[in-house]
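This briefing is meant to be read beside the sequence and the model. Please keep both in view while going through the points.

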Amino acid sequence: MSTSDGSIVGTTQILNNGSPIYRYNIVLLSEGYQNSQLGQFANDAQAFVNRLSRTPPFHLLMNSINVFRVDVSSTDSGADDPMACTDATGTGATARTYFDATFCSGGQTRRLLTVNDATALQVAAAQVPRYRLVVVIVNSPLFGGSGGSVAVYSLAAGAVEIALHEIGHTAFALADEYEYYLGCGSGETDRNNHPPVEQAAPNVTISSDRNTLKWRRYVLAGTNVPTTTNANCAVCDPQATPVPAGTVGAFEGADYYHCGAFRPEFDCKMRTLTRGFCRVCRDVIRRKIGYYSPLTMRFAWKGVGSDQNIYAGRGNDQDQNKLSDLGTSHAPALVNFSGTFMAWKGAFGDQGIYYSRQSHIDGMTWEPQHSVPGVGTSTGPALAVFQNKLYMAWKGIGGDQGIYFTTRDFGGGWAPQRNVPNVGTSTRPALAAFQGRLYMVWKGIGGDQSIWFSSFDGNTWRPQAPVPNAGTSTYPSLAVLRDRLYMAWKGIEGDQSMWFSSFDGNSWRPQAPIPNVGSSTGASLAAGPDRLFMAWSGIAGDPSLYFTAFDGNFWGPQENYLGTGSSAVPALLVTF
Ligand SMILES: [Zn+2]
């Protein structure tokens, strides 16, 4: 019933990404676990972290998050389950627990599981002074949760999905996107029309005017607004979605009402526990947690079609700008070398190679371009840092399919170009430093769509060898994650799917598809401290830019880098 019904046992940090001063600190509290059950709580807390790290957009944000587990023992196991509720299905059980958890809080809704919020916040503050989110795990198999000043969830099947939904309320002020209290079939009659009052939540609205819609930024011109309307406001709208999953529009039925309120996508975790967060909800989460991120994704790209301007921007897709006076006919390349460094082939028929560095003053401004003397390409360069030097490699001009490279040291000045012996490409190479060597991969010459690799020790290149069973009609990309070298590439000819493989220093794994993504140009890989990031432009006719992340096992779903596009591969760099 109160803090006299248990005690605080101790605190363990179970995810550490740096000082709590700079990170988003989540505190997990145990409720209704007896002392002998705290081992189970440790498992339940770890299950929460595992699920969080696989749930977009958190999968892109885990570097920003610390998680602490506070073991609190209770005299009894479980939670109060009052008989008196609208459905009268409770057992009447009471449990002597530290945070006094109860189902049917307020006597209306069985699934509403709450705790003493003030006690939970006090314990969190005492144990983890820089806590930013408190989540209470209630040791009960009954279904329930809530998302007030703390998020609460039980151990019912799919319990962690309840937690993620409740965190949507507690941490991100997201509204429920479902259109009922008790259920669509409950016969409730007070859910027909939403009051004409706009909600503060970013994911529900009473407006269906596309020009003023809160999330109009995400609505494509070809999407009808409203996207669905409910023909019978006495019931939940039974119609299936008329648009593909992931389409942002305005769908009627939200915020506990059948009519008069709209949600951004047909489905979302704020509507259905088993679904992912919709685009609007994902961006709200990303903007808030991203503030705590040690990572910045940096993009650079050529414009669409005949637009040969170079654009650059950061992961926050509102930070984009056109780099005046810089132009390219192909994809630029980015690397971290005394700050953000970019190189590219000139625009139109200009086959020179140019470079620029980002000013550190605001992280958005670039120096005027410089020319790399005595070199030229008809495609574009690749960059990597190896043995404290910047390495650049490129295909020659026009019919010259040889691959050349040069270096630059921190003091400035480029070495004369050298030729990589006995290799050639009709597109462009990729570079990455791995296990003390500089690796290069490339597509073969002309109709040879196989992918070749070699490596360099600072003096000599090994003879080329094929990457078994891998092929591309464009060019591959490289990056290192932990103890493996990863390569990603577009398939051959009409195959617009993306593939990846990895190399341990001896052999390449069989290629595997990257699920649910596609490109007609290829992709860029970039390494973060614990995951890879990939960026690409869409399949022919779709110049939109996309990105995703890979944790060594799992590729997250693609995210659209809004507001721009490219007809070439965007360059990607992750700084941290
Ligand atoms: Zn949503």
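This is a predicted model: local features need pLDDT of at least 70, side-chain atom pairs count only at pLDDT 80 or more; totals for chains, interfaces and linings use all residues.

Residues are numbered from 1 along each chain as its sequence is written.

**Helix 1**
- Helix 1 covers residues 38–52, helices being DSSP runs of H or I with at least four residues and strands runs of E with at least two, numbered from the N terminus.
- Its buried residues (20 or more other C-beta atoms within 10 Å, against 12 or fewer for exposed and in between for partly exposed, with C-beta atoms placed from the backbone) are Phe 41, Asp 44, Ala 45, Phe 48 and Leu 52.
- These lie on the same side of helix 1, because they cover an arc of only 100° around the axis, the arc being that of the directions from the helix axis to the C-beta atoms.
- On the other side of helix 1, Gly 39, Asn 43 and Asn 50 are exposed.

- Four strands in the order 28-29-30-31 form an open sheet with antiparallel pairing, where pairing requires at least two DSSP bridges between two strands.
- Strand 28 (523–527) and strand 31 (559–565) stand at the edges with a single partner strand each, so one side of each has no neighbour in the sheet.
- Strand 28 pairs with strand 29 (residues 532–537) over five bridges in the antiparallel sense, and Ala 527 stands opposite Leu 532 in strand 29.

**Thr 296**
- Thr 296 belongs to strand 9 (residues 296–302) and is partly exposed, with 17 other C-beta atoms within 10 Å.

Key: The expected span of a helix is 1.5 Å times one less than its number of residues.
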